[in-house]
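User: I would like to learn how to read aromatic pairs in a protein model. Please take me through one example.

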Amino acid sequence: MWTFPASYAQERVWLADRARPGSGAFAVGLPVPLPPGVDADGALAALAAVVARHESLRTSFRLAGGVLEQVVHAEVDVAAPVMDLRTGSGSPAERVHAVCAADAAEPFDLARAPLWRARLLRFADDEWVLGFVAHHTICDGRSWYQLAAELTELCVARREERAPNLPALPIQYADWAVWQREKHLTPDRVDRQLAYWRRRLADLPPVPALPTDRPRTLNQDDAGGDILFTLPTEVAERVATLARRWRVTEFAVLFAGYVALLARLGGDPDVVVGVPLAGRDEPQVAALIGMFVNTVLLRIDTADDPTFETLARRIAEATLQAIEHGDVPFQQVVSILDQPGAPLPQFGFNFLRDTPRQRGYGTARDELVLEISGSEGRLEYRKALFDEATAQALVDRYLRILDAAGRVPATRVSELPLLSDVESATVVDWGTGAEAAGAELVLDRVLAQAQRSPDAVAVRAGSTVLTYRELVERAERLADRLAALGAAPGRVVAVAVPRSAEYVIAVLGVVLAGAAYLPIDPDQPADRVELLLGDAGADLVVVADRAVATGRTVVGIDADEPAPRAERPRAAAGDLAYVLHTSGSSGPPKGVAIEHGSLAGYVRWFARRCELGPGDRVLAATAPTFDAAVNELFPVLATGGTIVVAPGPVDPRGLIDLAVEHAVTLLPTVPTVLAELIATGGLERCTSVRQVVCGGEQLTGDLRRALAEQLPVPLHNIYGPTETTVGVTAHTCPPDHEHAGAVPIGRPIPGARLRVLDRSGRPVPIGSPGELLIGGDSVARGYVAAPARTAERFGPDPDGRPGARRYRTGDLVRWRPDGELEFLGRLDAQLKVRGIRIEPGEIEAALRAAGAAQALVRMRDGALVAYVVGGPPDPDALARALPRHLLPTAILSLDALPRTTSGKIDVAALPAPVAAGGRPPATPAEELIAEVWAEVLGADQISADDDFFALGGHSLLAARIVARLSDLLELEVPIELVFTHETVAELARAVEAMLTDAIAGLSVAEAEHLLAEQGGQP
């Protein structure tokens, strides 16, 4: 037995294997068809001869003093049990794969040789296959070629009774490993190459932008699947032709298709892919079996939207540079990158020259790996992230890109087709709402209700009760006064009245006068009121009293002077119904003009969706300046229901009491308020409520679930920006339906037309993120008196009638496979960490699942900060649910989340986190952990509060940490502890708990000796 330093490639695989204990991800299947005439004895003798020739097949590994060594054994048992597969289901290839998969699933103990398993598989009397499965530490893909060649030659030589003609082996793998460390990778060479990679990979995003079917988590299952495919003959021929014409390799052309695919689907022009280099440049190692592969990161920028030819040439140049600097081990490249969490890459591409296409064995080392061997391909994917249908769609899109690029190489990346004709038609169909029937104007419907049921209650607000007759009579008196002052179609009249019965009268009065109403919060600062009035051009202001000083004509709702009878022209469908101002979160507030025709269509749809009728009582608790307040007003009056007004600010308990007192049947709200109602408890008392409507913010599945536990009724999730008429999409959640993550925003309402487009204005595939554009009947006229701003956001609608426009929302969405839209966030206000888009809803859901009643995530000074209500979340549960880059830097507990008058979160009122200094290690366990961290991370001083990943740690270094701790403690420390206990103090407590468990099984003397030796505390 001889020991040598492990090669860098062996060390990398060993560390990765250590990070996934019990995984079969690093098993390499090498089935070898044996030549005719061989028998079991001859095949076994041939295998024994190969094992005797190659020390790597007699190698195991051990950790000595924190250094990984390869142990070469003089001999190992050579066994290959015979399996008779002459009968059985499936093709011979499928039966071989099943046997190898079973062997690959059985973990290897890297401390015991041999690190391979073999079986002799018999398919006929004279037909044998050697099923050979080895650990990746001792062989690579090229090793299959050498193994097959030597076995074949040995078997043929035995059959022909001659000496085998095998290549000489001037060195063994261990000799090469020593040469690599001591001679080849000199400090100067390493420094030069690392300097290149430091420049090349600067500001590298840690997580790819490609969307997944499920969120990325830290301790991700490595179960995998694969999609096998064949390049169509004409595509393969075009690839070869283009490679010759451009004087690049076929790898560059095939890889260009992969880069274009990832850039387009992820919406990020910066694409990073791991590519293996064979590492067999020296002729002495050409015939060796062993692990020589090194991984390099190819970073390709497509921001300038290159042609496919330019992209392929760019890749060829980048590949040459990578090869020139590809000697330095991948783990050393990773160590210079400031990359917390999982090691790069997550995407891989492998161009196999001398190795046939392999099959996966149910695991995936990376998220996605595309392999091409000749005209055969395989996409390996991680099942925790991708569905099989998604993986198949990726393959289909890849082949579509190659086909189009091969036909017209001058095609730019943004123009390469991703969607098939069928998928293009599908997303158009999904985005097109049903034909909207002509809807009666809202005012006509309200007046008709007043005639049919004049004594029915229209409004309840405290002690005030208005019948439909009283409501209309008072509104008409106001309308006459307004008309006498010039109110008419096309004019805007402000309503500076708080939420009350008087507010309902004022709005209806303005509409009866033919004008459009502009809701104004009378409690706002005077300068703000003046800004909004001036923007909308409102010269008339309706008030509940004379207390509002605006410098404009003020009209009281119930003035003492008699109302003059005035001619009141009725507004038409194309006239303005109301003006609402945007929140100003993306700039100055803009007055959005909504027409009567749009309002009529929305009210008709909402009333039908919620099945509103004369017996309904709808709670009105939304600020009138928020467009969701429309849901509490016009649909109710148009169908003969009763508006139950919540006067002034009401706490959650008060809202529940109000709903119970007045037997409310429909509860409109926003998710933030709904969360407060649920947290307060008592919604189960609202037995009359049969439906809940949410809008304005993202609705999560756990909030829906919490509602169903207290109030099992349908929940309508309505989406729509202010620039549309309240809502354009809707999704209804039955009380017994589960949603993982965010609740979808649904499908378009009748008359709405939705398109999801990429940066170039092209439709995105199903599942890919894009900007939502809205056309159809729901779109606003534009911004009041702001043609330039209107033209910027409201462009021509190519799918509409002549002159139609569609609105660019700035919202990021994607189509789900079921035809529903999923809201992802804002394009202009995305949370990003290190250039990667962060979905706060995913983090907020994990915080709630970990124990917080409410959660909000925002970016503060470049760091993720979480605000929670109802108790701090369990850090261990949070670490298990989220990858490292999604873990909040700080978690602040609040009594309540601050809200604006509209019920949305008041982001400006959120407190900033206060930085705290670290303390020195205090316990023996903390001192031990800090010492190991300093050694592995190369740090001078480590505090008890230091974060492993904030100090530049990553999973390869984490593996070294646990290896060193395991060696010192003589206890197997799982790598998951480093990921779930990021600070010295947390890891020390976890290690102490492990020691306690270990000590529990020892005698008193053994326990005292162990504690004295290691310094731990039970």
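Analyst: Start with the whole chain. This is a predicted model, and buried residues make up 57% of the 1018 residues in the protein. The protein has 29 helices and 40 strands. Along its principal axes, the C-alpha trace spans about 120 × 75 × 55 Å.

User: What share of the contacts with a separation of 6 or more comes from residues 24 or more positions apart?

Analyst: Such residues account for 69% of those contacts.

User: How is a pair of aromatic rings described?

Analyst: Two quantities are used: the distance of the centres and the angle of the planes. Rings pair if their centres lie within 6.5 Å. By this rule there are 22 aromatic pairs. In one of them, the ring centres of Tyr 258 and Phe 349 are 5.6 Å apart and the planes are at 35°, so the pair is tilted.

User: Which parts of the chain does this pair link?

Analyst: Distant ones: Tyr 258 belongs to helix α8 (residues 250-266) and Phe 349 to strand β12 (residues 347-352), and the two are 91 residues apart.

User: Are Tyr 258 and Phe 349 buried or exposed?

Analyst: The cut-off for buried is under 20% relative accessible area. Tyr 258 has 2%, so Tyr 258 is buried. Phe 349 has a relative accessibility of 1% and therefore counts as buried.

User: Which residues do ring pairs link into a cluster?

Analyst: The cluster consists of Phe 251, Phe 255, Tyr 258, Phe 349 and Phe 351. Tyr 258 and Phe 349, the tilted pair discussed above, are among them.

User: Where does a charged side chain lie over the face of a ring?

Analyst: Arg 117 lies over the face of Phe 108, 3.9 Å from the ring centre. Lys 590 lies over the face of Tyr 783, at 5.5 Å from the ring centre.

User: How many positive and negative side chains does the protein have?

Analyst: There are 99 positive and 134 negative side chains, and the centres of the two sets lie 6 Å apart.

User: What part of the accessible surface belongs to carbon and sulfur atoms?

Analyst: The accessible surface comes to about 40800 Å², and 51% of this area belongs to carbon and sulfur atoms.

Conventions:
Residues are numbered from 1 along each chain as its sequence is written. This is a predicted model: local features need pLDDT of at least 70, side-chain atom pairs count only at pLDDT 80 or more; totals for chains, interfaces and linings use all residues. Side-chain values use heavy atoms; hydrogens and water are left out. Rings of Phe, Tyr and Trp (its six-membered ring) pair if their centres lie within 6.5 Å; planes under 30 degrees apart count as stacked, over 60 as edge-to-face and the rest as tilted. Helices (H or I, at least four residues) and strands (E, at least two) are DSSP runs, numbered from the N terminus. Buried means under 20% relative accessible area, exposed over 50%, partly exposed in between (1.4 Å probe, protein chains only). A charge sits over a ring if NZ of Lys or CZ of Arg is within 6 Å of the ring centre and within 35 degrees of the ring normal. Contact means heavy atoms within 4.5 Å. Accessible areas come from the Shrake-Rupley method with a 1.4 Å probe; for residues, only the protein chains shown count as cover. Lys and Arg count as positive and Asp and Glu as negative; His and the chain ends are not counted. The place of a charge is taken as NZ of Lys, CZ of Arg, CG of Asp or CD of Glu.
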